Amino acid sequence: MKLTLILCLILGLFLLSTQLVDHNQKNKIPVIAIANYGPHPSLDAAIIGFKEQMRTEGFLENENIQYEIADVGFDPNLIPQMLLGLKAKNPKLILVMTTPVAQ
């Protein structure tokens, strides 16, 4: 009985430690936040072009860079809330799409 309990504790600690290591490695990947005004083909194309150029420069998504993309559905009242949410992700850079978001 004691041996089973000890083995369960060791297994639990091992699983917890591997999850923490994986979580910490994922958090070490820099984040680029993209603040978008809303879904639109031309804005989507600009984001795709940005990501393609980043890949050309050696930044591979989910390997050495992460993207956090948010939009407000063209509602200017939601812009401050969106920006605060993106800022909470501690991005290295915030790419702002469109004038209303930049203002």
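The points below go from the sheet to the helices packed on it, and then to a salt bridge and a loop residue.

1. The model is a predicted one, and the remarks that follow should be read with that in mind. Its sheet is open and is formed by three strands in the order β2-β1-β3, with parallel pairing. The edge strands are β2 and β3 (93–96), each of which pairs on one side only, and from one strand to the next the twist averages 20°.

2. Between β1 and β2, which run parallel, there are six bridges.

3. Which residues of α3 are buried? In this helix, which covers residues 79–87, they are I79, M82 and L86. Viewed down the axis of α3, these buried residues fall within an arc of 65°, so they line one face of the helix. An α-helix has 3.6 residues a turn, so residues three or four places apart point the same way. The buried residues of α3 pack against β1 (31–36), β2 (66–71) and α4 (99–102), whereas P80, Q81, L84 and K87, on the other side of α3, are exposed.

4. The count of salt bridges comes to one. The pair is K51 with E61, whose closest N and O atoms are 3.5 Å apart. Because K51 lies in helix α2 and E61 in the loop between α2 and β2, the pair ties together parts that are 10 residues apart in sequence. The two partners can also be described by their accessibility: K51, at 18% relative accessibility, counts as buried, while E61 is partly exposed, with a relative accessible area of 38%.

5. Is E63 buried or exposed? With a relative accessibility of 57%, E63 counts as exposed, because the cut-off for that class is over 50%. E63 is found in the loop between α2 (41–56) and β2, and its C-alpha is 7.3 Å from that of I29, although E63 and I29 are 34 residues apart in sequence.

Notes. Residues are numbered from 1 along each chain as its sequence is written. This is a predicted model: local features need pLDDT of at least 70, side-chain atom pairs count only at pLDDT 80 or more; totals for chains, interfaces and linings use all residues. Side-chain values use heavy atoms; hydrogens and water are left out. Buried means under 20% relative accessible area, exposed over 50%, partly exposed in between (1.4 Å probe, protein chains only). Helices (H or I, at least four residues) and strands (E, at least two) are DSSP runs, numbered from the N terminus. The arc is that of the directions from the helix axis to the C-beta atoms. Contact means heavy atoms within 4.5 Å. A salt bridge is a side-chain nitrogen of Lys or Arg within 4 Å of a carboxyl oxygen of Asp or Glu. Two strands pair if DSSP finds at least two bridges between them. Axes are lines fitted to C-alpha atoms, for helices over the stretch in contact, and angles run from 0 to 180 degrees between N-to-C directions.
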